[in-house]
Amino acid sequence: MAKILLTTTSYQDTPGPHHALLESTGAEIVRERGPLPEERMLELAGDFDAFLCGDDAITRAVLEKAQPRLKILAKYGIGVDKIDVAAATEMGIPLSFCPGVNHTTVAEHSFALMLALFRHLVDEVNFVNEGNWKRLTGHEVMGKTIGIVGLGRIGKEVAIRAKAFGMKIVGYDLYWPTEFAEEYGIEKADGLTQLFGKSDVISLHTNLTEETRDMISTASIANMKDGVIILNCARGELVNTADIAAALESGKVGGYGTDVLDEEPPPADHPLLKAPRCIVTPHIGSRTYESVERQAVMATQNLINMLKGEKPLAQVNDAPIPTAII
Ligand SMILES: NC(=O)c1ccc[n+]([C@@H]2O[C@H](COP(=O)([O-])OP(=O)(O)OC[C@H]3O[C@@H](n4cnc5c(N)ncnc54)[C@H](O)[C@@H]3O)[C@@H](O)[C@H]2O)c1
């Protein structure tokens, strides 16, 4: 009987047809509460045909330990930066993922963070709950310039919403989406420095690579407008934690709204938990009932296809699909 390790908590905790779909494989399912660190993955690896995983540390060492039994990686989600994709490909393990199912939900969350910062929403709600009718003056977003870094699936949805809010949009991507940019009136920045210099709000939507790591640092912040608002619904490591904490402290950065941190969950002394005008949500950008159901069904269907020896709906690497194991 095939044996599958299921680690993603939103998958497990959200109702929907994915549960019955997974059971229909007849496989033995072992459930863990991820995202799991490397030590825990190393303890578990070796005994499974497939991982249905979230942001668990699937390093080369984990993949080696998982051999020879592990044949399939089915990622629940889109970011594969916690998986050593090169190692998986070398070992001939196909990796599927779920593009095109969570982009609207994540874009909505970016807007939730932006509007919350512009209107001091978190502070105001806390004041009222404390019995304090203290009224702060905010800013409106209409007419402000939003700089979108990464005009992929999520970045495009942010642009669509920004246009509806009457914002000016400037964008930067390695691959410029000419038609989309024309349709939504997005100005093309020559590079990150130009985008940073023009933006009142900067919203990050690239994947995490060695090139994008620490994209926001003391050096890049120096090119930004005073009081800039930065939003991050992508990956914590795009932003250097010590540098953004210092820029919030000095007032150079007017607010940081983030759904992601370099360490999740953060230790109690993480600098961003106490930084001024910083709001942090616990990586819930794609966690709506609608999005979780779409993503869980897609991740499960990817897994089932590969268990049957067929191609998944979307594959990250070009490793061959193993012969059917169910
Ligand atoms: N907060 C959450 O819950 C959540 C949920 C889903 C995705 N994410 C993150 O959001 C990221 C984006 O997701 P997506 O679905 O839009 O992915 P996507 O692949 O559709 O878009 C990413 C875009 O970034 C661009 N890019 C990559 N490197 C770049 C660079 N150096 N400079 C400029 N542009 C660059 C790519 O060309 C691409 O257009 C994911 O990689 C993931 O890390 C977070």
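Mentor: Let's start with a term: a residue is called buried when its relative accessible area is under 20%. Keep in mind that this is a predicted model.

Trainee: Is Met224 buried or exposed, then?

Mentor: Met224 has a relative accessible area of 4%, so Met224 counts as buried, because that value falls under 20%. Its place is the loop between α11 (218-221) and β10 (228-232).

Trainee: What does Met224 touch, leaving out residues up to four places away in sequence?

Mentor: Phe196, Ile202, Ile216, Ile230 and Lys252. As for Asp84, it is 140 residues from Met224 in sequence, and their C-alpha atoms are 34 Å apart.

Trainee: How do I read the largest nonpolar core?

Mentor: The general idea is that in soluble globular proteins nonpolar side chains tend to be buried together. Here the largest core has 43 residues, and those with the most contacts inside it are Ile4, Phe51, Leu52, Ile58, Leu63, Leu73 and Leu303. Elements giving two or more residues to this core include β1 (3-6), β3 (50-53), α4 (60-66) and α13 (289-307). The largest share, 7 residues, comes from α13.

Trainee: Which residues is Phe51 in contact with, apart from neighbours within four places in sequence?

Mentor: Among them are Leu5, Met41, Ile58, Val62, Ile72 and Leu73. There's also a second, separate core of 28 residues, which includes Leu151, Ile154, Ala162 and Phe180.

Trainee: Now the ligand. Which residues are the closest to it?

Mentor: Of the 24 residues that surround the ligand, the closest are Arg153, Ile154, Asp173, Cys233 and Asp259. Sorted by class, the shell holds 9 nonpolar, 10 polar and 5 charged residues.

Trainee: Which polar side-chain atoms lie at what distance from a ligand oxygen?

Mentor: For Asp173 the distance is 2.6 Å, and for Arg235 it is 3.3 Å. Arg153 also has a side-chain N or O atom 2.8 Å from an oxygen atom of the ligand. The protein buries 89% of the 870 Å² that the ligand exposes when taken alone.

Trainee: Last one: which residues of helix α12 are buried, and what do they pack against?

Mentor: In α12 (residues 241-250) the buried ones are Thr241, Asp243, Ile244, Ala245, Ala247 and Leu248. They pack against α11, β10, β11 (253-258) and β12 (278-280). Check the ends too: Asn240 caps the N-terminal end, with a side-chain oxygen 3.2 Å from the backbone nitrogen of Ala242. Just after the helix, Gly251 takes a positive phi of about 90°.

Key
Residues are numbered from 1 along each chain as its sequence is written. This is a predicted model: local features need pLDDT of at least 70, side-chain atom pairs count only at pLDDT 80 or more; totals for chains, interfaces and linings use all residues. Side-chain values use heavy atoms; hydrogens and water are left out. A nonpolar core is a set of buried Ala, Val, Leu, Ile, Met, Phe, Trp, Tyr and Cys residues joined through side-chain atoms within 4.5 Å. Buried means under 20% relative accessible area, exposed over 50%, partly exposed in between (1.4 Å probe, protein chains only). Helices (H or I, at least four residues) and strands (E, at least two) are DSSP runs, numbered from the N terminus. Contact means heavy atoms within 4.5 Å. A residue is near a molecule or strand if one of its heavy atoms lies within 4 Å of it. A polar contact is a pair of N or O atoms within 3.5 Å; within protein, one must be able to donate a hydrogen and the other to accept it, and residues adjacent in sequence count only if both atoms are side-chain atoms. Accessible areas come from the Shrake-Rupley method with a 1.4 Å probe; for residues, only the protein chains shown count as cover. Ala, Val, Leu, Ile, Met, Phe, Trp, Tyr, Cys and Pro count as nonpolar, Asp, Glu, Lys and Arg as charged, and the others, Gly among them, as polar.
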